[in-house]
Amino acid sequence: MIRSGFVSIIGLPNSGKSTYLNAVLKENIAITSRKPQTTRRNLKGIYNDDDSQIVFVDTPGVNTGKAMLDKYMEKSVSSSLSDIDLLIIMIDVNTYKVDKFDKLISVIRKSRAPKVIIINKIDAYEGDIDAAKEEIKIIFSDVSEIKEIFCISALKKKNIKEVIVELKKYLKDNCRYYDTEFLTDEPTKKIVADMIRQQCLYKLDKEVPHSIEVVVESMKMSKSKCMQIEALIVCDKEAHKKIIIGKNGVMIKNIGIGSRISIEKFLDEKVNLKLNVIVKENWRNEKTKLINFGYDIDNI
Ligand SMILES: Nc1nc2c(ncn2[C@@H]2O[C@H](COP(=O)(O)OP(=O)(O)OP(=O)(O)O)[C@@H](O)[C@H]2O)c(=O)[nH]1
Ligand SMILES: [Mg+2]
């Protein structure tokens, strides 16, 4: 018998939810970036040790966008609240004074699960951390079942192991839900597609990366033991397509190089990546297009 359970991580965009998941798993399965709305769908990350298994669910940042894709993301967050053993509320200590928490609070109030607050990015904070803790406690004083507050740096991997020990208190005597060899139940093609989207988030500005979806069309191992990957970068305007390709194809080439490096690291294989860019107007607002990309708003 071991201790196991489901733990959802929710918070505002950019608070470091995905970075925390990667730090816990010691593997970059969740994409991260400085831009908000990096994560678009719930992603399971499975932590194992000798006496426990924690199935973490990383979620999109709680936001107020109006497109149908934003509604999908919102629904994903709500769906992550059911049947869980613990809810982690992730807060960026550097922005809590200006952040708007109303929407987040209204979402987490729907959950009766025990909750802990994780205050993240303490490496970059110059103020008094105990004072911040007290103020954050007051912001969330109307939310029931908040049990503890922890302080970490997900980026610098500070306090990660110590917090895992504390989280285990909320698990139940149980079996493992997943084999220990699995880090996630996400298909490899989806993770690879997200790695390409991550490069788009790094290299493109303003609204362009937010208009992008990436679809991996095929992955095949060649005779020379090189993984051949073909992927589509979908954007929603001709003008964006021009920016993504760049002058003389320089931008798409850079996106390709960065993507290949991270995919090779993840797959531990040599990779040959072929990228194509296409326009699908208004895809973020059209149900059938969203469903095609795996954002099935009716079946989360
Ligand atoms: N200094 C510092 N930066 C961090 C830390 N954790 C995350 N970050 C940075 O914060 C930014 C956002 O991190 P993400 O993990 O993508 O945030 P998220 O909450 O998953 O964001 P969404 O998916 O958009 O909701 C990235 O640039 C991270 O490198 C930390 O502990 N310290
Ligand atoms: Mg994220």
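## Position of V250

V250 lies in helix α8; helices (H or I, at least four residues) and strands (E, at least two) are DSSP runs, numbered from the N terminus. The model is predicted: local features need pLDDT of at least 70 and side-chain atom pairs count only at pLDDT 80 or more, while totals for chains, interfaces and linings use all residues. Residues are numbered from 1 along each chain as its sequence is written, chains are lettered from A and ligands numbered from 1 in the order in which they are written, and side-chain values use heavy atoms, with hydrogens and water left out.

With a relative accessible area of 46%, V250 is partly exposed, a class between buried (under 20%) and exposed (over 50%), for a 1.4 Å probe and protein chains only. V250 and N159 are separated by 91 residues in sequence and by 41 Å in space, C-alpha to C-alpha.

## Packing of α7 and α8

Helix α7 (residues 238-245) packs on helix α8 (residues 250-267) at an angle of about 65°, the axes being 4 Å apart. Axes are lines fitted to C-alpha atoms, for helices over the stretch in contact, and angles run from 0 to 180 degrees between N-to-C directions. The two helices are therefore roughly perpendicular, a term covering 65 to 115 degrees.

I243, I244 and I245 of α7 meet V250, M251, I252 and I255 of α8, where contact means heavy atoms within 4.5 Å. This contact has seven nonpolar, no polar and no charged residues; Ala, Val, Leu, Ile, Met, Phe, Trp, Tyr, Cys and Pro count as nonpolar, Asp, Glu, Lys and Arg as charged, and the others, Gly among them, as polar.

## Packing of α1 and α5

Helix α1 and helix α5 (residues 160-167) pack at about 90°, with axes 10 Å apart, and α1 is thus roughly perpendicular to α5. Y20, A23 and V24 of α1 contact I160, V163, I164 and L167 of α5.

S18 belongs to helix α1 and T39 to the loop between α1 and β2 (43-49), 21 residues apart. Both are buried, S18 at 8% relative accessibility and T39 at 13%.

S15, in the loop between β1 (2-11) and α1 (17-25), is buried at 2%. Beyond its neighbours within four places in sequence, S15 contacts M90, I91, D92, N120 and K121.

Methods. Parallel < 35°, antiparallel > 145°, perpendicular 65-115°, else oblique.
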